[in-house]
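I opened the model to look up a few things, and I note them here in the order in which I checked them.

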Amino acid sequence: MRVGVVTFPGSLDDQDAARAVRYAGADAATLWHGDDDLAGVDAIVLPGGFSYGDYLRCGAIARFAPVMRSVVDAAHAGMPVLGICNGFQILCEAHLLPGALIRNDVQTFVCRDQSLTVENVTTAWTSDYQEGQRIVVPLKSGEGGYVAPQATLDALEDEGRVVVRYAGSNPNGSLRDIAGITSENGRIVGLMPHPEHAIDALTGPGTDGLGFFSSVLASVVSA
Amino acid sequence: MSVVVEVMPKPEILDPQGQAVLNALHRLGFSEVAGVRQGKRFELELTGELDEAVLARLEEAASTLLANPVIEEHTVHVGSTVHDEAGDEPSPAGV
């Protein structure tokens with residue numbers, strides 16, 4: 001199984017995401033923002049960073065990169081797509097996920113090991129977790145406040161599409177403590193915290209994040 | 001003559017940047033300011049003449065790229081650049 005990791009100008013965490021893919025037992029393929037070829041991958045990760053310098057709005061310019069046309073088509077066809085931090089912002093800008101991310105209400109960049117509650121374990125990226133499981137992964141973002149219209153928030157809650165929620169104190173003003181959400185079909189997941197930084201106790205707070213990358217193996221094999 | 005696109009966060013969306021600017025204004029003694037909302041202004045220079053069709057395309061450009069309708073409102077109108085409005089007179093400092 002091959003998981004593609006897209007590199008945009010200003011991506012920071014593409015290497016860590018590729019490493020997480022390999023730790024989970026899959027092959028990691030490098031995808032380039034200017035190339036609309038997805039190289040036959042089975043799933044895609046949009047990594048964290050500051051694509052295009054966060055100019056205009058976070059993710060607003062990356063959304064129109066040539067590779068995104070193919071990513072959007074593949075996502076609509078059911079390919080699993082995971083957006084982490086800037087990747088989540090790109091998924092929202094591309095309308096693959098509802099809502100938007102705005103500047104943290106605390107007005108500062110937040111960098112800390114963050115407790116999350118995994119609420120939906122039926123998505124392509126969270127099937128290796130237990131419902132209600134508490135995990136700790138790094139959060140590092142300045143514009144991580146999740147917002148959406150009330151009706152959208154209600155729909156996300158009713159349909160069980162909140163994948164991970166901030167546990168303990170809300171770090172950034174995200175409405176309803178939402179840290180990550182999924183698409184209607186559970187194949188697309190976006191979250192602000194960084195599971196790819198929590199796959200090895202040597203370089204992160206633990207290994208709680210590895211489940212995102214191991215889950216997708218099962219989802220592709222079973223699909 | 002330019003086409004000006006102005007983008008503002010929707011009223012119901014928290015604006016931490018505006019809040020930070022307001023706090024700084026109050027620290028500096030500008031107590032008459034009760035609130036600040038921070039937005040963006042784009043001045044678009046055109047390759048040709050402006051007509052209704054072009055204006056409609058620029059409205060599309062604004063709602064597609066320049067503003068995110070989920071969190072922002074925008075206006076598209078014909079206007080002068082800030083530079084034109086400010087005139088060409090040298091500033092008091094002579095810069």
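What is the mean pLDDT of chain B, and what share of its residues reach 70 or more? I found a mean of 89 for chain B, with 91% of its residues at 70 or more, pLDDT being the predictor's confidence in each residue, from 0 to 100. I also noted ipTM 0.86 and pTM 0.93 for the model.

This is a predicted model, in which local features need pLDDT of at least 70 and side-chain atom pairs count only at pLDDT 80 or more, while totals for chains, interfaces and linings use all residues. Residues are numbered from 1 along each chain as its sequence is written, and chains are lettered from A and ligands numbered from 1 in the order in which they are written.

At 1.5 Å times one less than its number of residues, its 15 residues should span 21 Å, and the end C-alpha atoms are 19 Å apart, which agrees.

I looked up its buried residues (20 or more other C-beta atoms within 10 Å of their own, with C-beta atoms placed from the backbone; exposed means 12 or fewer, partly exposed in between), and these are Leu58(B), Ala62(B) and Leu66(B). They cover an arc of only 50° around the axis, which puts them on the same side of α2(B); the arc is that of the directions from the helix axis to the C-beta atoms. The face turned away from that side carries the exposed Glu52(B), Ala53(B), Ala56(B), Arg57(B) and Glu60(B).

Terms used. Helix = DSSP H or I, 4+ residues; strand = E, 2+ residues; numbered from the N terminus.
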